[in-house]
Amino acid sequence: MLTRLTPGTRYIKAFIKAFGHANTPRCSSNSCQSVYVRRFISENTEIVGEQSLTPEFKLRLFTPSCRFWTEKPELWPFDDPYWAIYWPGGQALSRYLLDNPAVCRGKTVLDLGSGCGASAIAAKLCGAAHVVANDIDIVAAVATHMNCELNLLEPPVCRTNNMIDSPPEGFDLILLGDMFYDEALATSLHRWLDHCINSHGTKVLIGDPGRASFEEHCIRGLLRQLAQFELPESVREENYGLTCSSVWCYCPEL
């Protein structure tokens, strides 16, 4: 499976590399590039949903049937495809929202590190007034649009700037699924989330399957567990045997 998936800056590389074999006309405009990316995503992902914690909606993801599940990583034309995997933290977070729609209903919601856009989709299905999906990977923004179209939803506002450490905005709710995979990133998130809460009283929900970088970080002592979900068998196999994923509320007053 093509999962280098190392943390770092993830920006789109050469579109021509992805489509040169098809004699695609060259185009430097954003709209033309978007067409290229959409076609690449369509040709190299599979529409799935039933085997996740959220069978209510479908997503375009990598599966064993996809070329790049086993293809050489160097043939991948973009940076690491975090957006092509429905991570267990994101699954738990989306499941929690669907089970508790009042958490989102009428609220302004930020899905930070949105990836495939699943939590943003869940928020929209729950009646959120305004949803922003933020991922620094431009390809993730295109995938989020396509996944919303799959589910007959208007896409959220997609931002590709790094919002961490930016001035806090007045979101009612911030969602983070599987974002604590790196100690330095976790520390930056901790600091920025405190600013958001202190400035606007923002509520923060975190989904994580219990990775070491999450469990060992100091923020772990400031979280209250809201729910725990057993992961489907296929998700366990894809995530090295992780069996459960939980949702936590960040309570800095603890």
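This note goes through salt bridges in a predicted model.

1. Arg67 and Glu71 are joined through their side chains in a salt bridge, with an N to O distance of 3.2 Å.

2. Arg159 pairs with Glu169 in a salt bridge whose closest N and O atoms are 2.7 Å apart. This pair links distant parts of the chain, since Arg159 belongs to strand β5 (residues 157–159) while Glu169 sits in the loop between β5 and β6 (173–177), 10 residues apart. Arg159 counts as partly exposed at 26% relative accessibility, and Glu169 is partly exposed with a relative accessible area of 30%.

3. Asp165 and Arg191 meet through their side chains in a salt bridge of 3.6 Å, N to O. Because Asp165 lies in the loop between β5 and β6 and Arg191 in helix α6 (residues 183–200), the pair ties together parts that are 26 residues apart in sequence. Asp165 is partly exposed, with a relative accessible area of 47%, and Arg191 is likewise partly exposed, with a relative accessible area of 40%.

4. Finally, Glu56, Arg95 and Asp99 are linked to one another in a network of salt bridges.

Key. Residues numbered from 1 in each chain as written. Predicted model: local features only at pLDDT ≥ 70, side-chain atom pairs only at ≥ 80, totals over all residues. Heavy atoms only, no water. Salt bridge = Lys/Arg side-chain N within 4 Å of Asp/Glu carboxyl O. Helix = DSSP H or I, 4+ residues; strand = E, 2+ residues; numbered from the N terminus. Buried < 20%, exposed > 50% of the residue type's maximum accessible area, 1.4 Å probe, protein only.
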